[in-house]
Amino acid sequence: MKNIDSYSHLRGESIYLDDVPLVAGTLFAVAFGSPHAHGKILNLDLGEAEKMPGVVRIFTSKDVPGENQIGGIVPDEPLLANHNVHFQGMPVALVVAESVEEARNAIKKIKIDIDPLPIITDPREARAKGELIVPPRTFRIGDVDSTWSQCAHIVEGMAETNGQEHLYIETQGAYTFPLENGSIRIISSTQGPTAVQRHAAIVLGIPMHMLEVDVTRLGGGFGGKEDQASMWAILCALATYHLKKPVKYALDRMEDMRMTGKRNPYSSDFKIGLDKDLKIIAFETTYHQNAGAAADLSPAVLERTLFHSTNTYFVPNVKATAYSCRTNLPPNTAFRGFGGPQGMFVIEAAIDKAAKHIGVQAWEIQKKNLIQTGDEFPFGQKADSEATECWETAEHVYQPDQIQIRIEKFNAENILFKKGMAFMPICFGISFTKTPMNQARALVHVYTDGSIGISTGAVEMGQGVNTKMLQVAAKIFSVETHRIKIYSTNTFRIANTSPSAASATADLNGKAVEIACEAILGRLKDLVAEKFSVSPSEVWIENEQVMAKGKSLDYKWIQLIQDGYLKRIGLSEHGHYAPPGLHYDAKIEKGHPFAYHVFGTAITEVTVDCLRGTYEVDAVKIVHDFGTSTNVPIDRGQIEGGLVQRIGWMTLEEIVYDENGRLRSNALSTYKVPDIYSVPKEIDIHFLETKKENMAILKSKAVGEPPLMYGIGTYFALRNAIAAYRPDAEMTYATPMTPERVLMGLYGKKKMVEA
Ligand code: LUZ
Ligand code: MOS
C-alpha cells in the first residue's frame with residue numbers, strides 16, 4: 001500500500017515542528033555556542049546582551065534546577081557549559097526573546113573570555129594522550145597470532161572513513177508549553193521521546209510523569225535525532241520551567257551543522273591473512289573512533305563496529321580492538337548504520353588490498369568467504385545466512401561476467417574514460433546491541449463506530465513506519481485501512497520507548513501492535529462464539545465480515561464492535577513485546593545479540609572521466625534479502641535512499657575541521673551532498689523472497705539501515721576504474737573519493753597525500 005503520508009506531504013499539509021501553530025505569548029530561544037574548541041571559561045559577560053530589545057532572559061548553567069547533565073551512556077555532557085568548553089559551538093548560554101531576530105541579535109553581544117587549552121581533533125593523537133571515552137574493547141575468535149605462519153598471503157594497511165552530516169531536511173528543534181502544576185509539554189523533533197523526557201526530568205529535577213513529549217513526525221533523523229534532539233528540547237523546557245511561557249527553538253541550518261555531532265570518523269589499521277585457496281584465515285584490526293568531546297552514543301556505535309568487523313564473511317581467526325577517542329569536536333553520534341558501515345569498510349579495504357597484492361579480483365575473495373548458516377561470528381552468534389543465496393542470485397540475474405567483459409572492452413577502446421565494477425555483499429544485525437532496549441509497546445483503541453486509533457513508540461521520520469503499523473492492524477482485524485489512524489508518539493500514552501533506531505522500530509512496535517490487536521480480537525471472537533453458538537477457534541474476520549465454520553455469518557465488523565461495547569468487553573488494549581532469545585555478555589564478548597541478520601549483494605558499475613577526475617555511477621544492481629516484504633514501495637524507497645546516502649558519504653561529502661576545531665564545511669556551499677546527478681543512472685532491485693521463519697514483523701525483514709552499506713561498492717568500483725587508467729596508482733584507503741582524490745590517484749607522483 002501507499003505511504004499514508006504521501007497525500008499530505010505532497011500538498012504541504014503534513015505538520016512538522018515548524019508548522020505547529022504559534023500560541024500567543026510564545027518566546028523564542030537561541031543558544032550561544034562557544035567560539036573556542038577547548039578552554040576554561042574565565043568570564044561570561046551578558047550585560048550588554050540582556051539590554052538588547054526584546055530580550056526576556058538569558059539562562060546559564062546556574063539556572064539549572066536539577067543536574068546540569070544530559071549524557072546518556074556516560075554522564076560527561078553538561079547541558080550548558082559551566083567551567084570549561086570542549087568544542088566550538090558548545091552551548092554556554094540560552095537567550096530567550098520575543099522574536100527569533102531579537103534573540104539572534106542579542107547573541108552577538110555576549111562576551112566570553114576563555115583561557116585556551118590544547119585542541120585535539122585527531123583520534124590517534126587522542127589515544128596516544130590517553131583521551132579515551134570508555135576503556136577499549138576486543139572481540140576475538142580463534143587465535144590470529146598463531147595463524148599468520150599458515151597464511152600464503154598477508155597484507156597490512158590503514159583505512160579511514162570521514163564523518164557525515166545527517167542533513168535531515170528538518171533541522172533540530174523543540175517547542176515547549178507550560179501545563180498545570182508545573183508539568184511541561186514538549187513537542188520535539190526527536191527519534192527518542194523517552195530520551196528527551198528522561199533527561200529533561202534530570203535537568204529540571206522533576207519526575208518523568210510531569211513531562212509530556214509529543215512527536216507527530218520528523219523531516220528526517222538518520223540517527224542525528226536519536227540522542228542529539230534532547231539538547232534543544234531541554235533548553236526550551238528549562239526556559240518554560242522558569243518563565244511559565246511557551247518557548248520555541250528551531251535551529252537554522254548553519255547552527256545545526258556547527259553545533260551538532262555527525263557520523264563518527266574512524267581511522268583504522270588492518271592485517272589480513274589468506275591461505276593459498278583465497279580463504280581468509282586471519283583478520284586483525286584496530287579501530288580509532290573519533291567520538292568528539294563527549295560520549296553521546298559513541299560507545300554503542302563502537303560496539304556495533306565490532307559486531308560488523310567481518311561484514312558478511314566467515315573468518316575463523318579474528319582479533320578486533322576498538323578505541324573510542326575523545327577530541328575537541330562536537331560529540332559525534334548515531335548515523336544510519338551506527339558504526340557498522342565504518343567497520344565493514346575496513347575489511348572491504350583489506351580484501352581489496354589483498355586482491356591487488358595477489359593479482360586476483362576482489363570478488364573472487366569475497367565470494368569464497370561468504371558466511372554460511374551455522375558459521376560463527378566473532379561474538380559467538382551463529383549465522384542464519386542468506387549470503388550465498390544473495391550472491392548467486394545476483395550472478396544469475398545480473399550476469400556480472402558479461403558486465404566485466406563489456407567493461408574490459410570499453411576500457412580497451414577508450415583512453416580518457418574508464419569503467420570499473422565492484423561487488424558489495426552486506427550483512428547487518430537487527431536488534432539494539434544493548435539487549436534491554438529491545439522492547440516496545442502499543443496502545444490500541446477500537447471506537448464504537450468501528451474506527452481504530454493506535455499509539456506506539458515508533459517515530460515516523462519519513463521511513464513509513466506508521467504505514468507499516470497500520471498494515472499490521474488492518475491485517476489482524478481484517479478491516480479496511482481507512483478505519484485506522486496512527487497517532488503521534490507521546491510519552492503520556494506510551495512509556496519507556498526505545499528510540500526509533502537500529503532498523504528495529506517496525507519489528508518491535510509492529511509486534512506490540514500485533515499483540516494488542518490479537519488480545520482485542522480474542523475477546524471479540526468469544527462474543528461471536530457465544531452469540532452464534534460456535535467455538536471461538538472457528539471464528540475469523542475477513543474483509544469486515546465475521547466468518548465461522550467456513551462461511552459468512554452475515555454479521556459485520558461495525559455490528560460486532562457495537563455489540564462488544566453493549567456487552568461491556570474491553571475494546572482497548574496495551575500490548576508489550578520483547579523479542580525472545582537475545583542475550584549478550586560483554587565480559588566475555590559473546591552472546592546472541594541480534595534477532596536476525598539481513599543480507600544482500602550489490603554490483604556497482606562506474607565511469608571515470610580521466611581528464612577531469614569526475615565520475616558517474618552507471619548502475620547499481622542489488623539482490624536484497626527482504627524475508628517477505630509487506631510494503632514493496634516503502635522498502636524500495638528505503639533501499640534507494642540508503643544507497644544514495646552512502647554513495648554521498650563515499651564520494652562527495654567531506655567534513656573539514658581545521659586545527660582549531662572549527663568546522664570549515666559549515667554550509668551547503670562548502671559541504672557537497674548527493675543530488676540527482678549523483679544518483680546511479682540505473683538502480684535495479686531484486687527482491688529475494690525467503691519463506692523461512694524469521695523474527696521480523698509479518699516476516700518482512702528490517703530495511704532501514706542495511707541498504708546503506710551497498711554504497712561502499714561505489715568507492716571500490718572507482719578504484720578499479722582508476723586502476724584501469726593507471727595500474728600503478730597508489731592510493732590510500734581513505735574516503736570520500738572526491739574528484740580531487742580521483743585526480744591525485746590518476747596523476748599523483750607517489751602515494752596519494754591526504755586531502
Ligand atoms: N542505536 C542504539 C542504534 O542505541 N543501538 C543500536 O544498536 C543501534 N543500532 C543501529 C542504529 N542505532
Ligand atoms: Mo539510528 S543510526 O538512529 O538507527
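Glu589 is found in the loop between strand 25 (583–585) and strand 26 (590–592), where helices and strands are DSSP runs (H or I over at least four residues for helices, E over at least two for strands) numbered from the N terminus. Glu589 has a positive phi of about 55° although it is not a glycine, and with a relative accessible area of 8% this residue is buried. Buried stands for under 20% relative accessible area, exposed for over 50%, and partly exposed for what lies in between, with a 1.4 Å probe and the protein chains only.

The model is predicted, so that local features need pLDDT of at least 70 and side-chain atom pairs count only at pLDDT 80 or more, whereas totals for chains, interfaces and linings use all residues. Residues are numbered from 1 along each chain as its sequence is written, chains are lettered from A and ligands numbered from 1 in the order in which they are written, and side-chain values use heavy atoms, with hydrogens and water left out.

Ser503 sits in the loop between strand 20 (489–490) and helix 14, and counts as buried at 14% relative accessibility. A cis peptide bond, with omega about 0°, joins Thr735 and Pro736, and Pro736 is found in the loop between strand 30 and helix 18 (739–747). As background, most residues other than glycine have a negative phi, and most peptide bonds are trans.

Glu226, Arg304, Phe338, Phe432, Thr433, Met437, Ala501, Ala502 and Glu705 are the residues around ligand 1, a residue being near a molecule if one of its heavy atoms lies within 4 Å of it. This shell divides into five nonpolar, one polar and three charged residues; Ala, Val, Leu, Ile, Met, Phe, Trp, Tyr, Cys and Pro count as nonpolar, Asp, Glu, Lys and Arg as charged, and the others, Gly among them, as polar. The table gives polar contacts of the ligand, each a pair of N or O atoms within 3.5 Å; within protein, one atom must be able to donate a hydrogen and the other to accept it, and residues adjacent in sequence count only if both atoms are side-chain atoms.

| Residue | Protein atom | Ligand 1 atom | Distance |
|---|---|---|---|
| Glu226 | side-chain N or O | oxygen | 2.7 Å |
| Thr433 | backbone N or O | oxygen | 3.0 Å |
| Ala502 | backbone N or O | nitrogen | 3.3 Å |

Of the 290 Å² of accessible area that ligand 1 has on its own, the protein covers 97%; accessible areas come from the Shrake-Rupley method with a 1.4 Å probe, and for residues only the protein chains shown count as cover.

An open sheet of six strands has the order 7-15-14-13-8-30 with mixed pairing, two strands being paired if DSSP finds at least two bridges between them. Its edge strands, each pairing on one side only, are strand 7 (137–141) and strand 30. Strand 7 runs antiparallel to strand 15 (residues 318–326) over five bridges, and Arg140 stands opposite Lys319 there. Strand 8 pairs with strand 13 (residues 266–274) in the antiparallel sense over nine bridges, with Gly157 and Phe270 as bridge partners, while its pairing with strand 30 (residues 733–734) is parallel over two bridges, with Ala159 opposite Tyr733.

Two buried helix residues complete the account. Thr714 lies in helix 17 (residues 712–725) and is buried at 0% relative accessibility; leaving aside neighbours within four places in sequence, Thr714 is in contact (heavy atoms within 4.5 Å) with Thr604, Val606, Val617, Ile647 and Thr651. Leu524, in helix 14 (residues 505–532), is buried with a relative accessible area of 1%, and Leu524 touches Trp557, Leu560, Ile561, Ile569 and Leu571, not counting residues up to four places away in sequence.
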